[in-house]
Every structure is written in structure tokens, then in C-alpha cells.
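Dear colleague,

Please find the structure below, for your study.

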Amino acid sequence: MRTGLPPLAVDGEALRLGQTLGRGGQGRVVEVLDNGGLAGGRALVAKWYLPSVALDAAALTRLVAWRRSLDEATRAAVDGVACWPHAVLLRDGRAAGVLLPRVLPVFWLDLRLPSGAHGRVLRELQYLIARPELLVRRGVPDVDAGTRLRLLVRFVEAVALMHANDVVLGDLSVKNVLFSPAGRGRVHLLDCDALRLTGTNPAVGQPNSPGWDDPAFPGTQNQQSDRYKLALTVLRVLARDFHTRDPDDAAGLLGREYLPLLRAGLSGDPDARPPTAAWLRPLRRRAEELTSSQER
Amino acid sequence: MTEPPVVIPDRAMILPIYLVCDLSSSMRESGRVDALREALSALRDAIWTNPVVSDYARIAVLGFSGSASLLLPLCDLAVVDDLPELAPDGLTSYVAAFRLLRRTLREDSVQLAGDGYRVWRPLVFFVSDGEPTDRPAEWRAELAELLDVSNDARPEIVGFAVGEARSATLAGIATTRCFVARTGVSVRAAIAEIGDVVIRSVVSSSLGGAPSTAGAPPDGFDELDLL
């Protein structure tokens, strides 16, 4: 197992499992204490689906196989930005979950909860969009304008990497993108077991958050709707507004010069939307401008 | 001359959520009201860790026994320092609950609109552990008024029956979904499960930007078909 590639499917019985780390609408995530040398020593978690979740075992296996098929450099790049399934988990011989890499400590946030308890929560995109007063109240440090732009650059790089390799993100929400403002900034895409490869179906149903829906593709998701959602993310992170769809709200931080790009990204005509990579140069330039103006 | 009204093209949306809790004397039994208190505290923690909910949802708590009272007016629950006292006492008057709910919904919707918000239809989580002590005709008339189509602030109701509450009664009250605790499940455990459903609904509604009560029934509950 030196290559870091576990078998496509692993029997859950063979793993030593620890405590439950989280519960969601789809199932629960459990710590893997000893992964038997899988994943080249990277810490893993087991996600077990609820029996009510319609699971497409073939699609899940396809996602795992896709990662294995990548060259080493691309696979490392994908692992650097996405919580991609490493193996299908079997229970009684049937697909019942996935092995995922454990989220790194830089993407966690320590909070003191109103009940007095200590809370360790994921640094989700919602903490980047929330207005300053919502953060101050919770004791969460705010992210300055330059860092904000840099994080958007990292986000676009992650989506561009996925698109270049035929992945459709599909559902995007303020809970399934993580960020870390330290250093050059990092992002991490969660819920990758719900992504799909172009031309195939997703392994589990892709939810479509109404607040993030693409008016051009109600009910379906593809790389063109990803482009719309990417533009919506840029807008909402810069406007610090969870619900806006008005490009002008981002004018302050994005700069008038790039508003046409944002308008095109949010266009009702999918063909008018710029490809993901078209965002990189403008956002990088804007990040530099804002960082140097902060330093002055 | 009066100032022209300010036009806000895309005003923020608010989802008002009301937790309507049975506080009749039977709630004193075997930690039922403690479970309710813990569920409310867990809801506050969950909103604290999800700023998107603070931005989008407002929560109120109403309690009813022989009479009804607004224990916590509509607010961002995350910033409430002291959670309301829950003191069980007396009868189970659905009439009092529905009447206060109707008045509160109307006043809140006027207030939110006045503050410049667009308001979703209110979402009510109605929890009862016993049968109403009012005459059936009376509480049904009060419910009909609450849900009347001419009432702009009429709510969508998710019903939960625990303890001695009958499923048929709650099914007649719920408008979207209705869950009934199975026999043998402790009321305390059932109330904790209800808390989880409320948390999941509040978070997913805020994420999606529309009311959402989707998801599997809580552990130990059966879902009833609503006619």
C-alpha cells in the first residue's frame, strides 16, 4: 500500500472505528482509528449513509476509480483541494459508505457556545460571507479584503482543476466549501461523494439549494451551472450577503473594471458565462491591488 | 409633504419560525420539560455555529397549558442570553395556543414588513404530549381561523405527537408533515429527537433560502400521511 491507493472497496469490519464526529441529513461520519496502512498514512474518516439514502454503488466506485486514474501530480492537487472519496465502504458485502480523508486542522474553528460548551466547527464558506457583526458576536476574526480575494482565487483554482478533469460540482452551498485564511489561503471542497463526472450520474442525490439555483438549469446541474454558482460565490463573498444576485453589490471590492465579467458569469444565457479559468487573472490582480493598498 | 418611500429592489428575506410547546402539567413527568429546555439550548448552539441562520431565520417560543404565553418573542436566538423559563402547569388548551399564535403571527408580519423585510410564510413546530382539554368544536374553529386563506400570515405547521397526544388529532393540525412517537419510546428521548429535526430544518431552510422540512422522520417516530 505504499502508493497510497487503497483497494476500490473496503470492508467496514476491517477498520478500527472511533467516535462519531458528526451527523447530517445523509448519515454519520466516524473517526477511523487504524486504517491498516490505507491512504499512505493520511488520517481517514468513514461516512456511513442512512438506509433511506438512495446510493448508486457503481457511481460511487466510479468516483473512487477516477481519483486512482489520475497521474500522481494531479491526484495530489485534487487531494489538496477536495475531500475526495478514497474507497467505497462495504457492510455485509454491500456499498454502505465511503472512506474520506479527514479534514485538516487549519479548516477548523474553535468557538465558545452560548451553552458554555466548547465547539469545534468547520470553517465553512458561511463564515466568509457573514457580515462583520455576525462574526464579532461569535468571537470569529474577520478576513480582510486582500485575503478575501486571495481565497476566491484559491476557490476558482480548485473549481478550474475539477472542470479540467471532467468533474461537475453540482450543489454548492455555504456549508460545503471550507477555507483557511492563513498564509496564501486554502480552500477545501466537501461532500465530493455527491459530485459527478460529466456524462454520468451522481452516486447520491445532488441537492439543489434554492438560494443557489441556476435559473437557466432548474433541476439539472452541469459545468455551465457550476460557472453560474462560481460567479454567485464571488458576488456573495465580496458583497457579504447570503442572498444577493445583484452584481452591483460587489462593485466596491471587485472594482468597476471587472463588473462586466461578474455580470456575464451571472447571465441567464449559459453560453455567455466565462469559463472558470477566465476568473483567475482578474481575481489575482485585484487581490494584489487590495493587499498593497492595505499595506500602504 | 411626506418623503417618498425608499425602494429596496431586492429586500432581504426572513423566515419566521415558531416553536409552540405544550406545557401542561404532564410535561413535569420524567424529565419531559428538561428535555425541552435542553433542545432549546442545543438549537441556540446550532444557530451560533451557523451564522447563515442568524441572517435568515427568526425564532419565537410560545408555551401553552390552560392559557398561552409568548415566552420568547421573535428574535435571533443566537444572541439570547437567558432562555425562557418553561414552567408546566394545568390544562392543555389548543384554543389558547391557536389564538395567541394567530395574534403573534399577525403582529410579527406587520413589524417585519415595516422593517423592510420580505417575509416567508411562517413555519410552526407544534409539539403536544396530550389531548386538548377544550371542546373539539372550539379548538377546530380556532384552528380554521388560523389557517384561513384570507389570513396573510397563515402558517405552515409541522406537528409532533408524543406521550398521550393522539396521532389523529395532530394529523388534523399539521399542514406539511406530522410525526408520531412510537409506543415505548420515552417522551424525553422523543423531545430530544424533535429538537434535532427543528435544528436540521432551520439550518437547511437558511442554507437553501426557502422553508424546508425535508428529511427522514426522527428516530423513534412514524410519519403520518396528511390528507
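Two strands are said to pair if DSSP finds at least two bridges between them. Helices (H or I, at least four residues) and strands (E, at least two) are DSSP runs, numbered from the N terminus. Please note that this is a predicted model, in which local features need pLDDT of at least 70 and side-chain atom pairs count only at pLDDT 80 or more, while totals for chains, interfaces and linings use all residues. Residues are numbered from 1 along each chain as its sequence is written, and chains are lettered from A and ligands numbered from 1 in the order in which they are written.

In chain A, 6 strands form an open sheet with mixed pairing, in the order 1-5-6-4-3-2. Strand 1 (9-11) and strand 2 (16-23) of chain A each have a single partner strand, so one side of each is left without a neighbour in the sheet. On average, neighbouring strands of this sheet are turned by 35° against each other, direction ignored; axes are lines fitted to C-alpha atoms, for helices over the stretch in contact, and angles run from 0 to 180 degrees between N-to-C directions.

Within the sheet, strand 4 (residues 44-49) and strand 6 (residues 94-101) of chain A pair in the antiparallel sense over 5 bridges. A:Lys47 has A:Val98, in strand 6 of chain A, as its bridge partner. Helix 1 (residues 57-69) of chain A packs on the sheet and touches strand 5 (87-91) and strand 6 of chain A. The direction of helix 1 makes about 145° with that of strand 5 of chain A. Two residues are in contact if their C-beta atoms, placed from the backbone, lie within 7 Å.

Between the chains, 26 residues of chain A are in contact with 23 residues of chain B. On the side of chain A that touches chain B, strand 8 (118-122), helix 3 (126-129) and helix 4 (132-138) of chain A each supply at least two residues. Helix 4 of chain A gives the largest share, 3 residues.

Turning to chain B, its secondary structure comes to 6 helices and 8 strands. From the N terminus on, the elements of chain B run β-α-α-β-β-α-β-β-α-β-α-β-α-β. Along its principal axes, the C-alpha trace of chain B spans about 65 × 40 × 35 Å. Among contacts in chain B between residues at least 6 apart in sequence, 78% join residues at least 24 apart.

Yours sincerely
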